[in-house]
Amino acid sequence: MKRTPFKPGGGLSRSGGLKGDGANKKPLPSPFEMQREAAKRAALNALKRARRAADKAGVSLSEWEGEFIDSVSERVKTHGRAFADPEKGAPGQALSAMQGRKLKEITAKANGEASKSRWGRKKPE
């Protein structure tokens, strides 16, 4: 067996060793960013489902409801959430509490469900 002289920097090399090329890989997003993106996707999907359910059932949404869905989805796409005041919703959520409530009402209307009485009040007969 023939021995070769030692060359500095010419030792054994492996792909994927400790000195791997980290320049090619993107850094992993933080868990907060991953949760925020998931909330954004969930809100956009819920808005699309509400619109599709209304179209499929043949229920005509009011002008206000259509504008609501369009404006909220646009704000979620551009800003990641649809409200500016942190008092109105949880930090990791894309919709405020009232926006979520209105979306549920629109979805119930599209599915043909009767609206629930609010605040425990009974409807006058």
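Arg36, Gly80, Arg81, Pro91, Gly92, Gln93 and Ala94 line the largest cavity of this predicted model. You can look for these residues one by one to find the spot. The cavity has a volume of about 30 Å³, and the structure holds one cavity of 30 Å³ or more. Sorted by class, its lining has two nonpolar, three polar and two charged residues.

From here, let us turn to the helices. Helix α1 covers residues 31-57 and helix α3 covers residues 97-110. Their axes lie 8 Å apart, and the two helices pack at an angle of about 25 degrees. Angles under 35 degrees count as roughly parallel, so α1 and α3 are roughly parallel to each other. The crossing of α1 past α3 is left-handed. On the α1 side, the contact is made by Ala46, Leu47, Ala50, Ala53, Ala54 and Ala57, while α3 brings Leu103, Ile106, Thr107 and Ala110. This contact of α1 with α3 has nine nonpolar residues, one polar residue and no charged ones.

Now follow α3 to another partner. Helix α2 spans residues 63-79, and its axis comes within 11 Å of the α3 axis, crossing at roughly 130 degrees. The two helices, α2 and α3, are therefore oblique to each other. Here too, α2 passes α3 in a left-handed crossing. Trp64, Glu65, Phe68, Ile69, Val72 and Arg75 of α2 meet Gln99, Lys102, Leu103, Ile106 and Lys109 of α3. By class, the contact of α2 with α3 divides into six nonpolar, one polar and four charged residues. Leu103 and Ile106 of α3 take part in the contact with α1 and also in the contact with α2.

Key:
Residues numbered from 1 in each chain as written. Predicted model: local features only at pLDDT ≥ 70, side-chain atom pairs only at ≥ 80, totals over all residues. Heavy atoms only, no water. 1 Å grid on protein atoms, 1.4 Å probe; cavity = no way out; pocket = protein on both sides within 12 Å on 5 of 7 lines; lining within 4 Å. Points joined across faces, edges and corners; volume = space filled by probe spheres on them. Nonpolar A, V, L, I, M, F, W, Y, C, P; charged D, E, K, R; others polar. Axes fitted to C-alpha atoms, helices over the stretch in contact; angles between N-to-C directions. Helix = DSSP H or I, 4+ residues; strand = E, 2+ residues; numbered from the N terminus. Parallel < 35°, antiparallel > 145°, perpendicular 65-115°, else oblique. Left-handed = near helix turned anticlockwise from the far one by under 90°. Contact = heavy atoms within 4.5 Å.
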